[in-house]
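Take a walk through this protein with the sequence and the model side by side. Keep both in view as you read.

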Amino acid sequence: MEGQQLQQVLNPHRLKSLQEWMQKSSITLTQVNGQRKYGGPPPGWQGPAPGPGCEVFISQIPCDVYEDRLIPLFQSIGTIYEFRLMMNFSGQNRGFAYAKYGDPVTASAAVMTLHHYRLPEGGSLTVRKSTEKRQLRLGDLPASTSQEELLTVLRMLSDGVEDVLLKMAGPKGREVVALVNYSSHYAASMAKKVLVQAFRKQYGISITVKWMSFSKSKHVAETGEDDCFTPPALNPHPKPSITPPHLHPQPLLHDVPAHPPVQPFFRAVGGPAGRRDETMPQAPVNHDAVSQLQWICELHRLGNPQYEVRFHRISSDGFLCFSFKVLVPGLLFPLCGVIQILPGTSIQAMKAEVYRAAAEQVIQTMCKVLNLRPF
């Protein structure tokens, strides 16, 4: 019955056209957390990732128009570094997408050329420069929060965290809030989706997470999706630095020490160079994250990683929400996080996807937080 309902919602001709285009053009699309992505970087890309001002926001997309129509259209302006189409669980798009070019000039040309472009399927696109917000505001934090501790925890729960700044806010200046800078808008948007649930489920703390932007007034205000935040490094009129409040050095999260005891880890992977170990484990032939994590742990003699996964709920977008805890015997603290996946064709397939996503986050955490460079 459910399959019949999806068939009624989706246009089979459009889906067939998408599949044929992908096969003909050898395009690979990856779907994660409600976004279907091409590139980032695309095959053959040379040079660094594009900087600010290179992305355009596309809205008013008909629900059954897909990448086979959109990517060639926006590629007609210039080479696309990345294209992201927002998707619903039903398989329809959510009406908006992002296209990132190699430079701001090409992005501006896309806005001038394709704004109000009329599609053969009907309707016209709205195209404008993306705000590329990269900063989140975390509110309702405990009064004992320390900046160093919060930075460590956020890097365990989300990717791309660059720095954290604590300040006092609210009518009486009693609320502890954190301004968190991310490396990209994508990283910040993914964090925005999971942090509230992660703090509540993992640590029993209810926080608020909102986008930030600098308004024309003297104070920082919370904004909606269309507002823009200029990172401090790029702000032509930077605000004075805010001195973090002197907080009590009590741990914010019971499961994560305020100062993670990582010295034993460094002893395990460091030390003077010696004779090559003939029993060194071979790198995995396949490149899935579970095999890579197992290899890293064997390489540094940390023991076999043990996974604890718990299902929590189905989100309003149809995603299955899990939390995980990975115990690595050679580390003195567990690595925790949250995952959102789309329902799969079987329980085994969904289990494999959860383990893969958990292992991927653990590898990133071990590299970023513990300064491990296994590759």
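Predicted model: local features only at pLDDT ≥ 70, side-chain atom pairs only at ≥ 80, totals over all residues.

A residue is called buried when its relative accessible area is under 20%, exposed when it is over 50%, and partly exposed in between.

Now step back to the whole chain. The protein has 375 residues, and 43% of them are buried. It contains 9 helices and 14 strands. Next, take the contacts with a separation of 6 or more. Of these, 63% are between residues 24 or more positions apart.

Some spots in the backbone deserve a stop. Most residues other than glycine have a negative phi, and most peptide bonds are trans. Asp140 is not a glycine, yet its phi is positive, about 60°. His116 is not a glycine either, and its phi is also positive, at about 70°. You will find His116 in the loop between α4 (104-114) and β6 (126-129). Then look at the bond joining Gly40 and Pro41. This peptide bond is cis, with omega about 5°. Pro41 sits in the loop between β2 (35-39) and β3 (55-59).

Turn to the rings. A pair of aromatic rings is described by the distance of the centres and the angle of the planes. Two rings pair if their centres lie within 6.5 Å. By this rule there are 8 aromatic pairs. Take Phe96 and Tyr98 as an example. Their ring centres are 6.3 Å apart and their planes stand at 85°, so the pair is edge-to-face. The cut-off for that label is over 60 degrees. Phe96 and Tyr98 also share one aromatic cluster with Phe57. Is Tyr98 buried or exposed? Its relative accessibility is 9%, so Tyr98 counts as buried.

How do two helices meet? Look at α5 (residues 147-157) and α6 (residues 185-203). Their axes come within 11 Å and cross at roughly 110°. Angles of 65 to 115 degrees count as roughly perpendicular, and α5 and α6 are therefore roughly perpendicular to each other. From α5, the contact uses Leu150, Val153, Leu154 and Leu157, while α6 brings Val194, Leu195, Ala198, Phe199 and Tyr203. What kinds of residue are these? In this contact of α5 with α6, 9 are nonpolar, with no polar and no charged residues.

After α8 comes Arg301, with a positive phi near 55°.

Finish at Tyr307, in strand β12 (residues 306-314). At 19% relative accessibility, Tyr307 counts as buried, because the cut-off is under 20%. Which residues does Tyr307 touch, leaving aside its neighbours within four places in sequence? They are Val290, Leu293, Lys325, Val326, Tyr355, Ala358 and Ala359. Now compare sequence and space. Tyr307 and Leu335 are 28 residues apart in sequence, and their C-alpha atoms are 9.8 Å apart in space.

Terms used. Residues numbered from 1 in each chain as written. Heavy atoms only, no water. Phe/Tyr/Trp six-rings, centres within 6.5 Å; stacked < 30°, edge-to-face > 60°. Buried < 20%, exposed > 50% of the residue type's maximum accessible area, 1.4 Å probe, protein only. Axes fitted to C-alpha atoms, helices over the stretch in contact; angles between N-to-C directions. Helix = DSSP H or I, 4+ residues; strand = E, 2+ residues; numbered from the N terminus. Parallel < 35°, antiparallel > 145°, perpendicular 65-115°, else oblique. Contact = heavy atoms within 4.5 Å. Nonpolar A, V, L, I, M, F, W, Y, C, P; charged D, E, K, R; others polar.
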